[in-house]
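This report covers a sheet, a nonpolar core and the surroundings of a ligand. The sequence and structure come first.

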Amino acid sequence: MLSVKGLRANVGDKEILKGLDLEVGPGEVHAIMGPNGSGKSTLSHVLSGRDGYSVTAGSATFAGRDLLELEPEERAQLGLFLAFQYPVELPGVNNTYFLKAALNSIRKARGESELDAVSFLRLIKEKLKILHLDDSLLKRAVNAGFSGGEKKRNEIFQMALLEPKLAILDETDSGLDIDALRVVAEGVNALRSPERSMIVVTHYQRLLDYIQPDYVHVLARGRIIRSGGKELALELEEKGYGWIDAELAA
Ligand code: ADP
Ligand code: MG
Ligand code: MG
């Protein structure tokens, strides 16, 4: 599904990713953990094709395509979902209208017909039910004045609607309370399927109390320095990240 090899990337002239390798197969849930500033968000941004990052070496293929050659919209159309894809606040733009436009643009790229208003509402209802969400966020403007938890709910809802092949959820290091973490975790669990892979990027071990990842990776200083099963998350919870410096020095 996703194959990242020797990826190096800069922000400005500062190298942040320093030869990162990551393989994600269909249906797998991977957690990427690591200390603050290790490059977790940079990895998510580079995979999404966000401006401001330059890849200097390595490769990333997604669904058999060279991901790094594609525009961000083309990546989305191929089935890549990034949780911060629509983080912007759009006052005056109704959230339902926005989601419909996003979905129809992806459907169009897949060669599917546009959904009419009735079918779209039916789909929305179905997804709200799966996620145990109510429709209050849909009536509001996109992200405008949303709390951290509401943004997360909206994000998970976007994911449910767009039905991506690979979702990358980058949990920012601040402002997420336990309820927001639970929304993310429940969304991930509800949307798990043999055809959908997910990468959950988190600073918090406690997110993994709710999600059982197939693999856990430790990202430090721009590289994946350790990979394991879910027991690795427990080990990190016990040991923290202090051992990394010692290990990298050795
Ligand atoms: P994480 O998500 O693991 O906390 P980030 O990917 O956000 O880490 O950041 C990795 C490093 O890159 C940090 O040292 C951070 O200061 C730096 N960095 C990230 N974005 C920028 C930017 N736009 N300009 C300069 N430095 C940046
Ligand atoms: Mg950070
Ligand atoms: Mg981050």
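In what follows, Ala, Val, Leu, Ile, Met, Phe, Trp, Tyr, Cys and Pro count as nonpolar, Asp, Glu, Lys and Arg as charged, and the others, Gly among them, as polar. By that division, the shell around ligand 1 holds two nonpolar, nine polar and three charged residues. The model is predicted.

Ligand 1 is surrounded by 14 residues, of which Gly 37, Ser 38, Lys 40, Ser 41 and Thr 42 are the closest. Helix 1 gives the largest share of this shell, three residues. Both strand 2 (14–24) and helix 1 (40–48) supply at least two of its residues.

Six strands form an open sheet in the order 6-9-10-3-11-12, and their pairing is mixed. Strand 6 and strand 12 each have a single partner strand and stand at the edges, so one side of each lacks a neighbour in the sheet. From one strand to the next, the twist averages 20 degrees.

| Edge strand | Residues |
|---|---|
| Strand 6 | 80–82 |
| Strand 12 | 223–228 |

Strand 3 (residues 29–33) runs parallel to strand 10 (residues 197–202), and five bridges join the two. Met 33 has Thr 202 in strand 10 as its bridge partner.

The largest nonpolar core has 57 residues; Leu 166, Ile 168, Leu 169, Val 184 and Val 200 touch the most other members. Helix 6 (residues 178–191) contributes the largest share of this core, six residues. Leaving aside residues up to four places away in sequence, Ile 168 touches Ser 44, Leu 47, Leu 82, Ala 83, Ile 199 and Val 201.

Key
Residues are numbered from 1 along each chain as its sequence is written. Chains are lettered from A and ligands numbered from 1 in the order in which they are written. This is a predicted model: local features need pLDDT of at least 70, side-chain atom pairs count only at pLDDT 80 or more; totals for chains, interfaces and linings use all residues. A nonpolar core is a set of buried Ala, Val, Leu, Ile, Met, Phe, Trp, Tyr and Cys residues joined through C-beta atoms within 7 Å. A residue is buried if 20 or more other C-beta atoms lie within 10 Å of its own, exposed if 12 or fewer, and partly exposed in between; C-beta atoms are placed from the backbone. Helices (H or I, at least four residues) and strands (E, at least two) are DSSP runs, numbered from the N terminus. Two residues are in contact if their C-beta atoms, placed from the backbone, lie within 7 Å. Two strands pair if DSSP finds at least two bridges between them. Axes are lines fitted to C-alpha atoms, for helices over the stretch in contact, and angles run from 0 to 180 degrees between N-to-C directions. A residue is near a molecule or strand if its C-beta atom, placed from the backbone, lies within 6 Å of it.
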